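Here is a walk through one protein model, in short steps. Keep the structure open as you read.

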Amino acid sequence: MRAKFDPVRLEVFKNLFTSVAEEMGVALRRSSFSPNIKERLDFSCAIFNSQGEMVAQAAHIPVHLGSMPLSVQTAIKEVSTEEGDVVLTNDPFRGGNHLPDLTLVAPLYVEGGSKPLFYIANRAHHADVGGITPGSMPLSQEIFEEGIVIPPVKIVRKGRLQKEILEVLLANVRTPNEREGDLTAQLAAIKMGQRRLPEIVARYGEQQVTQYADFLLSYGERMVGHCLKAIPNGSYYFEDFLDDDGIGGPPVKIAVNIEIKGSRAVVDFSNSAPQVKGNMNAVYSIVNSAVFYVFRSLAGIGVPENGGCMRPIRIVAPEGSVVNARAPAAVAGGNVEVSQRMVDVLLGALAQARPDLVPAASSGSMNNLTIGGWDPRRNRPFAYYETVAGGMGARPFADGLDAVHTHMTNTLNTPVEALEYDYPLMVKRYCLRPGSGGKGKFSGGKGIIREILALTDVQVTILSERRKFRPYGLAGGEPGKPGKNYLITTSGQEKLLPSKVCLRIKKGEIIGMATPGGGGHGKPGR
């Protein structure tokens, strides 16, 4: 028999838990060092129950939040924690995304309890964690080229920072002061959660707080199940392609078959390509993130974002495939690019069943740009990382938005003032890209043009997609315009670059990116 709950109190607890995660995020942002975290907000915070199921999250990064439960569950399983401990990890094959995403996990004990009542976690993208290129997003062929791999290990033990662990990390990165500052900001966010959650327990009591955490998980499960019931029973297949594997290989197929049966769904990626030699491989946690994001989005705005939303869904992702690669595969691009294509194929399949809800394809790429080298002004190394926005796909009832981060990324841009203050770089051009959105009854959103002038010799790495395969339109809408990467030399000559490239550019040269537009929806002219 289902336990009864007060719906008003359920909503109160949903907002209480979410507010803790939001306040953790505010603390992280305000105390961080790097523009990537302080300006772009490339971090996420969440609350988990004693089994590692996500109870609540802040409105942060989808690719972080859907995968973080696996990191938390791995930390619980592999590390015996006590009060005052904090676990650090970034291992993609233990629930992580890619190496620049450092995750902290801490148990929460209340009133001297013998077992943790909750777990608190956050994940932040660090602009450099070592590897063969600045920014730790290289054109790699194995994970060891991408930076330092950190298995679940205690960075704080009984309230004391483990300096030896920190020193090992800082000795393997190009910007140790910035990394230490950002990691300290993550610890500050953990402290905030450890302060706020006990206040809720003190007010409402341990039994009621844990009970309503369970109610919220069950509520998320029922609401997603209700969403699935609104989709006609059947199987829906869709496939799309990555431009290449990151090192010049052929296009890479991402395919999904979604089987809907009542309030349950099976999401099967078995027809996707085997894992590739380059870094365009995803790990299982990324699949979980993409599926969580899509079905949670379909469920509507009132549904809590928690682990219960995944209970009605079974994922099939064969090990050794491009969506569930085996170690030591290179995975830097899997988190940022394969995740976006997973969302595209999931939405493409669901559009067959619910054309009234599903938008056309958005830009389909995070358009990753990393620039690093020696800053002669400050006499120190630097590493700049940014994902560049594109066009949103047109909706069945409205145009797509222009120049916006979509789907698995939810970051902002780095403001021009912050970029030019912190790095030996200058923004020469930053504008909408005319004509890049696909035409339709409703048009796809426009991408953007962003050109950055190097004020010193630097190394540049670009990981991008949708340079060959255009973002699809729906219901007769036209596809969006593909993206373009280019270099403008000191003589003014423009050289076209591939979708993934690593190169050194000289002082006075400009790296440019024109991002894809979104697909159109409905036949043009109607």
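K253 is partly exposed, with a relative accessible area of 27%. Exposure classes here use a 1.4 Å probe and protein chains only: buried means under 20% relative accessible area, exposed over 50%, and partly exposed in between. The model is predicted, so local features need pLDDT of at least 70 and side-chain atom pairs count only at pLDDT 80 or more, while totals for chains, interfaces and linings use all residues. Residues are numbered from 1 along each chain as its sequence is written, and side-chain values use heavy atoms, with hydrogens and water left out.

K253 forms a salt bridge with E239, and the closest N and O atoms are 4.0 Å apart. A salt bridge here is a side-chain nitrogen of Lys or Arg within 4 Å of a carboxyl oxygen of Asp or Glu. K253 lies in strand β9 (residues 252–261) and E239 in strand β8 (residues 234–242), so the pair ties together parts that are 14 residues apart in sequence. Helices (H or I, at least four residues) and strands (E, at least two) are DSSP runs, numbered from the N terminus. E239 counts as partly exposed, at 32% relative accessibility.

Now take a buried pair. E386 forms a salt bridge with R450, with the closest N and O atoms 3.2 Å apart. E386 sits in strand β13 (residues 380–387) and R450 in strand β15 (residues 448–454), so this pair ties together parts that are 64 residues apart in sequence. E386 is buried at a relative accessible area of 1%. R450 is buried too, at 3%.

Strand β12 (residues 368–375) runs antiparallel to β13, and 8 bridges join them. Two strands count as paired if DSSP finds at least two bridges between them. L369 stands opposite E386 in β13. The hairpin of β12 and β13 has 4 residues between the strands, and there N379 takes a positive phi near 60°.

Back to charge pairs. The structure holds 30 salt bridges. One of them joins the side chains of R311 and E53, at 3.1 Å from N to O. This pair links distant parts of the chain, 258 residues apart: R311 is in the loop between α8 (284–299) and β11 (313–316), and E53 is in the loop between β1 and β2. R311 counts as partly exposed at 35% relative accessibility, and E53 as partly exposed at 24%. Elsewhere, a network of salt bridges links D240, D244, R341, D344, E465, R466 and K500.

Next, the sheet. Seen in order, an open sheet of 7 strands reads β2-β1-β5-β4-β3-β6-β7, with antiparallel pairing. β2 (54–57) and β7 (160–161) stand at the edges with a single partner strand each, so one side of each is left without a neighbour in the sheet. β1 pairs with strand β5 (residues 118–125) in the antiparallel sense over 7 bridges. F48 has Y119 as its bridge partner in β5.

Two helices pack on this sheet. α6 touches β1, β3 (86–89), β4 (101–108), β5, β6 (153–157) and β7, and its direction makes about 30° with that of β4. Helix α7 (residues 206–229) touches β1, β2 and β5, and its direction makes about 55° with that of β5. Contact means heavy atoms within 4.5 Å. Axes are lines fitted to C-alpha atoms, for helices over the stretch in contact, and angles run from 0 to 180 degrees between N-to-C directions.

Helix α6 (residues 176–204) has 29 residues and reaches 43 Å from its first C-alpha to its last, close to the 42 Å expected at 1.5 Å a residue. That expected span is 1.5 Å times one less than the number of residues. Just after α6, G205 takes a positive phi of about 95°.

Two loop residues complete the tour. D42 is in the loop between α2 (35–38) and β1 (43–49). D42 counts as buried, at 6% relative accessibility. Leaving aside neighbours within four places in sequence, D42 is in contact with residues including I61, H64, R123 and Y385. T81 is in the loop between α4 (68–78) and β3. T81 is buried, with a relative accessible area of 15%. Not counting residues up to four places away in sequence, T81 touches V87, P107, Y109, Y119 and K154.
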